[in-house]
Amino acid sequence: MDEINDLIDWKPITAFLCKKIKRKANAVGNPAYPSLVMFKILLLQRWYNLSDPAVEQALLDRLSFLRFIEFSLDEEMPEDRSEDETPEKPTTKYQTYYSDDKEAAWLRKRKREYYGYKLHAVTGSHNGFLLSGHITPANYSDTGEFEKLVADSKLEFGQKVYADKGYCSVRQIVERAFGTLKRGYGFCRSRYVGQAKVEGEFHIIAMAFNLKKTVHLLQC
């Protein structure tokens, strides 16, 4: 984390966040925490796959976390304000878990049913950086999203794009990125409801993934 703080010029990011986030106080009138601090906490959550209560606890006892968000020991930490959720009791012999997200959709794949969203993403074939990506309901076809992915990646004219059978030659690099998102960043399940929020979560995870990969490559 210290390496990332040294690597990144946070001033343009701070300016962008301040332009987008207008709220200066919370619901009861207390001053809001700086937007860059909250953004860095989102990165910490993704790097260590922490819930809101877990990251709050980590900020209280991990000096490396405090250094990263540039807080001192005597400053008041952001607190988890989420309400405790009580799971519903099953009304039948078997309890069924499903999402009430109306924007998600069902998909059947390899004789199994899934409900949720699908990530369509482009990774670099050389170092495996996430170049672009977006979220659709799970029943959307990958081929239908191909042109949008290529356009969003801002690739140079003439640059190779691997897909279908051609994808096999770089499969190991690409699949490693998706495997890391699922296992390391917990993105096999979203924390949010709604397509826009799930896509926003992906972009936060992609930034965290690329930052960590950059530091790793610089250290090699």
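In this predicted model, strand 1 (residues 105-109) and strand 2 (residues 112-123) run antiparallel and are joined by five bridges. Within this pairing, Arg108 stands opposite Glu113 of strand 2, and Lys109 has Arg112 as its bridge partner in strand 2. The hairpin that these strands form has two residues between the strands, and Arg110 takes a positive phi near 50° there.

Strand 2 also pairs with strand 3 (residues 130-137), again in the antiparallel sense, over seven bridges. Ala121 is found opposite Gly133 of strand 3. In the hairpin of strand 2 and strand 3 there are six residues between the strands, and Gly128 is a residue with a positive phi, near 85°.

| Hairpin | Residues between the strands | Residue with positive phi |
|---|---|---|
| Strand 1 and strand 2 | two residues | Arg110, near 50° |
| Strand 2 and strand 3 | six residues | Gly128, near 85° |

Taken together, the three strands make an open sheet with the order 1-2-3 and antiparallel pairing. Strand 1 and strand 3 stand at its edges, each with a single partner strand, so one side of each has no neighbour in the sheet. Neighbouring strands of this sheet are turned against each other by 55° on average, when direction is ignored.

Two helices lie across the sheet. Helix 6 (residues 146-153) lies across strand 2 and strand 3 and runs at about 145° to strand 3. Helix 8 likewise lies across strand 2 and strand 3, running at about 160° to strand 3.

Which elements does the protein chain contain, and in what order do they run from the N terminus on? The chain has eight helices and three strands, and its elements follow the pattern α-α-α-α-α-β-β-β-α-α-α. Of the 220 residues in the protein chain, 32% are buried. Among contacts in the chain with a separation of 6 or more, 53% are between residues 24 or more positions apart.

A contact between helices involves helix 3 (residues 35-48) and helix 8 (residues 195-219), whose axes come within 9 Å and cross at roughly 75°. That angle makes helix 3 roughly perpendicular to helix 8. From helix 3, Phe39, Leu42, Leu43, Arg46 and Trp47 take part, and they meet Glu201, Ile204, Ile205, Met207, Ala208, Leu211 and Lys212 of helix 8. By class, this contact of helix 3 with helix 8 comprises nine nonpolar and three charged residues, with no polar residues.

What is the geometry of the pair formed by the rings of Trp47 and Phe68? Their centres are 5.4 Å apart and their planes lie at 65°, so the pair is edge-to-face. Because Trp47 lies in helix 3 and Phe68 in helix 5 (residues 63-69), the pair ties together parts that are 21 residues apart in sequence. Trp47 and Phe68 are both buried. Trp10, Trp47 and Phe68 form one aromatic cluster.

Another aromatic pair is formed by Trp106 and Tyr115, and this pair is tilted, with 5.0 Å from centre to centre and 55° between the planes.

Definitions and conventions: Residues numbered from 1 in each chain as written. Predicted model: local features only at pLDDT ≥ 70, side-chain atom pairs only at ≥ 80, totals over all residues. Heavy atoms only, no water. Pairing = 2+ DSSP bridges. Helix = DSSP H or I, 4+ residues; strand = E, 2+ residues; numbered from the N terminus. Axes fitted to C-alpha atoms, helices over the stretch in contact; angles between N-to-C directions. Parallel < 35°, antiparallel > 145°, perpendicular 65-115°, else oblique. Contact = heavy atoms within 4.5 Å. Nonpolar A, V, L, I, M, F, W, Y, C, P; charged D, E, K, R; others polar. Phe/Tyr/Trp six-rings, centres within 6.5 Å; stacked < 30°, edge-to-face > 60°. Buried < 20%, exposed > 50% of the residue type's maximum accessible area, 1.4 Å probe, protein only.
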